[in-house]
Amino acid sequence: MRVRGLRKEYPGHVAVTGIDLDIERGEVFALLGPNGAGKTTTVEILEGHRRRTSGTAEVLGEDPGNAGRAWRARIGIVLQTATDAAELTVAESVRLFARCYPNPREPEEVIHHVGLDGKAGTRVRALSGGQRRRLDVALGIVGRPELLFLDEPTTGFDPKARRRFWELIRLLADDGTTILLTSHYLDEVEALADRTAVLAGGSIVAEGTPAGLGGRALSVATVRWRAGEHLREERTETPARLVRELSADGAEPAELTVTRPSLEDVYLELIGEKP
Ligand SMILES: Nc1ncnc2c1ncn2[C@@H]1O[C@H](COP(=O)(O)OP(=O)(O)OP(=O)(O)O)[C@@H](O)[C@H]1O
Ligand SMILES: [Mg+2]
């Protein structure tokens, strides 16, 4: 996928300011960013669900703005807000979707993968929020997509469902599926993504591997200790050396702590919301 200068203007508001993105086949790429950053706008343009104002996009070799049915059959979509087929059961919905694709996955297998085995015969309207979200994921993957878009797929998942979903994403990635997901959760991005871009105010403010995000910021540690009356604090890239110096006389430095910024800290700094 290759995106250049992608821009989206709504009346009186620029949602995406002209971004570039390159996502390789087989890659898991995460778009991170706060509410209103432009994640859904970007993803929906790339899915062919929204018109862009300007810029170019090439997704699976075609322009999503005018790609046809054959292209559509190669992608899978999990929208941020689900569509309604409330009177069907889980199994009926998944089977119905499967029939829309030339080479679908086995519906029962997909239902199992999202952990809805016990709910196969339940009507969609009777599912809980998290179960409903799992069905959305099932419908997104049943067509065996080459490219899968997931807009905040785990919103509403309990911790166990989230872990299970992560396993599923890894399975799909091992299978060669290219995945573009959005998330607010850094741990999720760390667990899943090969690369990530942080979107804030419609612009990409950082891009790279989840671990490399923010670069040097992650390598600087803060060492704190008590020296008599005073609490001392020093920021250093070599905390072990400093601690050795502090304890050179054989005494244990009092109240010693060494902390590094978490990925969360770096992220908050990047989006300008450092507490
Ligand atoms: N149909 C629309 N008409 C006008 N403005 C819109 C429309 N859709 C989105 N916006 C605005 O564009 C900006 C980006 O919205 P978008 O939904 O892409 O954000 P997001 O990153 O997906 O946020 P969230 O994390 O809340 O899902 C927001 O300021 C939003 O209010
Ligand atoms: Mg969104």
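Trainee: Which ring does the charged end of R162 sit over?
Mentor: This is a predicted model, so keep that in mind throughout. For a charge over a ring, the Arg CZ must be within 6 Å of the ring centre and within 35 degrees of the ring normal. Here the charged end of R162 sits over the ring of Y185. It lies 5.0 Å from the centre of that ring.

Trainee: How many aromatic pairs does the structure hold?
Mentor: It holds 1 aromatic pair. The partners are F157 and F165. Their centres are 5.9 Å apart, with 85° between the planes. Planes over 60 degrees apart count as edge-to-face, and this pair is edge-to-face.

Trainee: Is F165 buried or exposed?
Mentor: The cut-off for buried is under 20% relative accessible area. F165 has 4% relative accessibility, so it counts as buried. F157 has a relative accessible area of 12%, so it is buried too.

Trainee: What about A191: where is its place?
Mentor: A191 is in helix 7, which spans residues 186–192. At 26% relative accessibility, A191 counts as partly exposed. That class runs between 20% and 50%.

Trainee: Which residues does A191 touch?
Mentor: Leave out residues up to four places away in sequence; A191 then touches W166 and R170. Now try a distance. A191 and R235 are 44 residues apart along the chain, and 28 Å separates their C-alpha atoms.

Trainee: Now strands. Which strands pair with strand 7, and in what sense?
Mentor: Look for bridges between strands. Strand 3, residues 28–32, pairs with strand 7 in the parallel sense over 5 bridges. Strand 6, residues 147–151, also runs parallel to strand 7, joined by 5 bridges.

Trainee: Which residue of strand 7 stands opposite L31?
Mentor: T182 stands opposite L31. T182 is also the bridge partner of D151.

Trainee: What unit do strand 6, helix 6 and strand 7 make?
Mentor: Follow the path from strand to helix to strand. Strand 6, helix 6 (residues 159–174) and strand 7 make a right-handed β-α-β unit.

Methods:
Residues are numbered from 1 along each chain as its sequence is written. Chains are lettered from A and ligands numbered from 1 in the order in which they are written. This is a predicted model: local features need pLDDT of at least 70, side-chain atom pairs count only at pLDDT 80 or more; totals for chains, interfaces and linings use all residues. Side-chain values use heavy atoms; hydrogens and water are left out. Two strands pair if DSSP finds at least two bridges between them. Helices (H or I, at least four residues) and strands (E, at least two) are DSSP runs, numbered from the N terminus. A crossover is right-handed if, with the strands pointing away from the viewer, the path from the first strand over the helix to the second runs clockwise. Buried means under 20% relative accessible area, exposed over 50%, partly exposed in between (1.4 Å probe, protein chains only). Contact means heavy atoms within 4.5 Å. Rings of Phe, Tyr and Trp (its six-membered ring) pair if their centres lie within 6.5 Å; planes under 30 degrees apart count as stacked, over 60 as edge-to-face and the rest as tilted.
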